Amino acid sequence: MAKVSLPLGTSREVSDRRGRPLHDLRISVTDRCNFRCVYCMPKEIFGRDYAFLETSEMLTFTEIERLVRASVNLGVRKVRLTGGEPLLRKGIEDLVARIAAVGHDAGVPLDIALTTNGSALKVKAAALKAAGLNRVTVSMDALDDAVFRDMNDVNFGVDRVLAGIAAAEDAGLGPVKINMVVQRSRNLDQIVPMAEYFKDRGHVLRFIEFMDVGETNGWDRTDVVPTREIVELLDARFGLMALEPESPDSTSTRWGYADGSNEIGFISSVTGAFCSTCSRARISTDGQLFTCLFATQGTDLRSLLRSGYTDEQLQEALAGIWGVRADAYSLHRGEDTDGRRARGNKVEMSFIGG
């Protein structure tokens, strides 16, 4: 591991071997979810007998707070809480408040976001905002109730998610970002209805190409709907115009409706890899640090935290891990001759968040 000595409290940007800074930290706060979306946690794998983590195996809020503090000192300015379903983690509002306090103490504008399936958002939105949450992203793959229930595979109705989105807006967490994973075989016919619904409601809909994350989602390239195809479809229906990215390291491309009513986004990690600007690190529920969404292994931070590492040593360890990073999976995506991706025991999306 490379050694980079940084005095605690010193804010200094670190870069990996490809010159990419560490700006975004995504933390999975639970490996559990109440949905069984087929592209993430298929029921035949994550069934009733699946062994989820025990509480003692999960990072505590204090441990997460320490990791955030060390990361902020290395240049992190965005923290996103994920899962599983993060709103299933008891006391999630307290964790948000702790992270907000880290940014306040460090004197940096820390952007705190959360990705959720929206099932508990109606109940939690106001408390999350009060605790210091800045933004929320809701995963929603269909507007049609039957298609939505089929996608989440637990018969959960879409109206309850829409109510959660409305509650988030009322709480001041808008504009809400809506993530729709598109699979040619499942929800292709939902692209236009989703765009029509959110176009004049002020929320930003983003279409995500079906990715080969993990080993259990049955990924097949023929089920991927390329961004180009979706753009052409929506351009013919509404008229679109290209917009500048939010930031140089943004994962999504932006398009605006021709009438100026709203914008729409596309995350194209299969057909338009953004590895060259990726500034994201991910921490799993049990404290493993992954430097790529498609990684096959992580670095055990929980052991460091529980072995007596000081904050200074923890910061040095994080800097060292990032300093030797060279990941670029999407630029070199391997394929078998039948069009399926090569297997490699990649970590599951439900374990480190999307």
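User: Quick one to start. Is Cys37 buried or exposed?
Analyst: Cys37 is buried. Its relative accessible area is 12%. Bear in mind that this is a predicted model.

User: Which cysteine sulfur is closest to the one in Cys37, and how far off is it?
Analyst: That is the sulfur of Cys33, at 6.4 Å. The gap is too far for a bond.

User: What about Cys278, buried or exposed?
Analyst: Cys278 is buried, at 11% relative accessible area. The closest cysteine sulfur to its own belongs to Cys292, 6.8 Å away. That is too far for a bond as well.

User: New topic. Where is Arg325?
Analyst: Arg325 sits in a loop. The loop runs between α9 (311–323) and α10 (349–352).

User: Buried or exposed?
Analyst: Arg325 is buried, because its relative accessibility is 3% and the cut-off is under 20%.

User: What does its side chain reach at 2.9 Å?
Analyst: The side chain of Arg325 reaches the backbone oxygen of Thr291.

User: Which residues is Arg325 in contact with, beyond four places in sequence?
Analyst: Asp16, Arg17, Arg18, Arg20, Cys278, Arg280 and Thr291.

User: Now the whole chain. How many helices and strands?
Analyst: The chain has 10 helices and 12 strands.

User: And how much of the chain is buried?
Analyst: Of its 354 residues, 55% count as buried. The chain exposes about 14,900 Å². Carbon and sulfur atoms supply 49% of that area.

Conventions. Residues numbered from 1 in each chain as written. Predicted model: local features only at pLDDT ≥ 70, side-chain atom pairs only at ≥ 80, totals over all residues. Heavy atoms only, no water. Disulfide = S-S within 2.5 Å. Buried < 20%, exposed > 50% of the residue type's maximum accessible area, 1.4 Å probe, protein only. Helix = DSSP H or I, 4+ residues; strand = E, 2+ residues; numbered from the N terminus. Polar contact = N/O pair within 3.5 Å; in protein donor to acceptor, adjacent residues only side chain to side chain. Contact = heavy atoms within 4.5 Å. Areas by Shrake-Rupley, 256 points an atom, 1.4 Å probe, with all protein chains shown as cover.
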